[in-house]
Amino acid sequence: MISGFTMAASTLEALTLPGYEGRLKIKRDDLIHPIVSGNKWRKLKYLVQRAEREGKSRLVTFGGAYSNHMVATACAGAVCKLKTACFIRADEPLNNHYLAASRLYGMELIPVNREAYRQKHELYQAHFGKTDDTLFIDEGGASTEAQAGVADIMGEPGMDADWVLHASATATTAIGLGKGIVAGGLATRVHAVAVLNNAGEQREKIREAGLEDIVTVHEEFTLGGYAKTSDALMDFIRHTVAGTGIMLDPVYTGKALIALQQLNLPGNGIFLHTGGTLGIFSDVYLKKLFS
Ligand SMILES: *Cc1c(COP(=O)(O)O)cnc(C)c1O
């Protein structure tokens with residue numbers, strides 16, 4: 001076990017959604033950490049263990065200026081006494097609360113333009129590749145270690161429902177859940193709600209992992225793309241947060257929960273709240289909520 005990186009089972013609670021008839025529970029991965037996205041903490045668990053096992057002293061990763069993964073990596077580094085650095089796509093403003101939180105956790109932020117950002121391995125090699133004390137972590141934490149960290153969710157108490165639904169971007173979470181279902185011999189099915197227009201890519205990864213019978217990707221809830229919103233989504237978030245006490249964001253969990261309500265799947269289900277609560281506190285969304 002590693003110093004300080006705690007990962008107890010998250011709680012599973014009943015959830016009453018206004019206007020939703022089905023039996024529903026919520027897996028509170030949003031409560032894993034007050035600042036860090038629970039989903040990203042899950043994904044980092046075995047990566048950080050690997051860094052410690054291999055004697056690394058630094059984690060280096062990549063992200064946009066609103067990356068939950070960046071904040072999670074910064075925090076994990078601070079907790080485990082590892083240095084952290086993140087290459088940021090810099091044609092975005094460099095003064096938001098994600099970047100501030102990452103800096104507070106001691107992360108070195110390296111702004112690069114979009115063109116350079118595409119050459120991730122070259123960037124990494126040029127800055128850190130000459131030393132062997134650094135662990136490279138891909139954007140969003142995507143890795144087999146991340147899948148294994150997510151798979152652990154399905155081994156926690158009460159997860160053998162008919163289905164689990166969650167917000168999906170890279171399909172790492174979906175594949176991790178699928179692997180956990182296979183490992184546990186469960187009959188549970190995964191409904192991955194694509195939050196951007198890459199459902200085809202997500203399905204391809206799920207097929208490659210041999211999980212197409214277990215995981216279904218839903219592509220009709222993107223609202224036109226990543227971080228795109230609608231008045232209906234903002235209304236839903238305002239009502240649901242006030243009606244349940246559970247914080248939602250418009251990029252991930254808000255889109256997924258509105259999809260859950262509209263899909264109205266049969267049987268008893270679990271909404272996996274993947275965290276990401278920093279998302280709603282961006283100026284642009286606050287204006288949309290309360291203008
Ligand atoms: C990153 C993230 C997701 C998407 O996870 P993937 O494994 O990339 O599909 C969902 N919810 C939240 C809150 C996230 O931060």
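Guide: Start at Ala-192. Leaving out residues up to four places away in sequence, Ala-192 touches His-166, Ser-168, Ala-174, Val-215, Thr-216, Val-217 and His-218. Keep in mind that this is a predicted model. Ala-192 is part of strand β8. Is Ala-192 buried or exposed? Its relative accessibility is 0%, so Ala-192 counts as buried, the limit being under 20%. Now look at Ala-171. In sequence, Ala-192 and Ala-171 are 21 residues apart. In space, their C-alpha atoms are 7.8 Å apart.

Move to His-191. His-191 is also found in strand β8, which covers residues 189-194. At 12% relative accessibility, His-191 counts as buried. What does His-191 contact beyond its neighbours within four places in sequence? The partners are Trp-163, Val-164, Leu-165, His-166, Thr-216, His-218 and Leu-265. Compare the contact lists.

Next comes the ligand. There are 16 residues around the ligand. Which of them come nearest? They are Lys-40, Ala-169, Thr-170, Thr-173 and Thr-274. Look at the threonines in turn. Thr-170 has a polar side-chain atom 2.6 Å from an oxygen atom of the ligand. Thr-173 also places a polar side-chain atom 2.6 Å from a ligand oxygen atom. For Thr-274, the polar side-chain atom lies 2.6 Å from a nitrogen atom of the ligand. How much of the ligand does the protein bury? Taken alone, the ligand exposes 390 Å². The protein buries 98% of that.

Lys-40 leads us on to the rings. The charged end of Lys-40 sits over the ring of Tyr-252, 5.5 Å from the ring centre. Arg-89 lies over the face of Tyr-117, at 5.1 Å from the ring centre.

Rings also pair with rings. A pair of aromatic rings is described by the distance of the centres and the angle of the planes. How many aromatic pairs does a search of the whole structure find? The search finds 8. One of them joins Tyr-66 and Tyr-98. Their centres are 5.5 Å apart, with 70 degrees between the planes. That pair is edge-to-face. Tyr-66 lies in the loop between β3 (58-63) and α2 (68-80), while Tyr-98 lies in helix α3 (residues 97-104). The two parts are 32 residues apart in sequence, so the pair ties them together. Tyr-66 is partly exposed, at 35% relative accessible area, whereas Tyr-98 counts as buried, at 4%.

Another edge-to-face pair is formed by Tyr-226 and Tyr-252. Here the centres are 6.0 Å apart and the planes are at 70 degrees. Tyr-226 lies in the loop between β9 (215-218) and α9 (231-244). Tyr-252 lies in the loop between α9 and α10 (253-263). The pair links parts of the chain that are 26 residues apart. Tyr-226 is partly exposed, with a relative accessible area of 39%. Tyr-252 counts as buried, at 15%.

Ring pairs link Phe-62, Phe-87, Tyr-117, Tyr-124, Phe-128 and Phe-136. Tyr-117 is the ring that has Arg-89 over its face.

Now a look at the backbone. Most residues other than glycine have a negative phi. Ala-227 has a positive phi of about 70 degrees. Ala-227 is placed in the loop between β9 and α9, and it counts as partly exposed at 27% relative accessibility. Lys-81 has a positive phi as well, near 60 degrees. Lys-81 lies in the loop between α2 and β4 (83-89). At 70% relative accessibility, Lys-81 counts as exposed.

Last stop: Gly-141. Gly-141 is in the loop between β6 (134-136) and α6 (144-151). Its relative accessibility is 0%, and Gly-141 counts as buried. Setting aside neighbours within four places in sequence, Gly-141 is in contact with Leu-47, His-69 and Ala-146. Gly-141 and His-69 are 72 residues apart in sequence, yet 6.7 Å apart in space, C-alpha to C-alpha.

Methods:
Residues are numbered from 1 along each chain as its sequence is written. This is a predicted model: local features need pLDDT of at least 70, side-chain atom pairs count only at pLDDT 80 or more; totals for chains, interfaces and linings use all residues. Side-chain values use heavy atoms; hydrogens and water are left out. Rings of Phe, Tyr and Trp (its six-membered ring) pair if their centres lie within 6.5 Å; planes under 30 degrees apart count as stacked, over 60 as edge-to-face and the rest as tilted. Helices (H or I, at least four residues) and strands (E, at least two) are DSSP runs, numbered from the N terminus. Buried means under 20% relative accessible area, exposed over 50%, partly exposed in between (1.4 Å probe, protein chains only). A charge sits over a ring if NZ of Lys or CZ of Arg is within 6 Å of the ring centre and within 35 degrees of the ring normal. A residue is near a molecule or strand if one of its heavy atoms lies within 4 Å of it. A polar contact is a pair of N or O atoms within 3.5 Å; within protein, one must be able to donate a hydrogen and the other to accept it, and residues adjacent in sequence count only if both atoms are side-chain atoms. Accessible areas come from the Shrake-Rupley method with a 1.4 Å probe; for residues, only the protein chains shown count as cover. Contact means heavy atoms within 4.5 Å.
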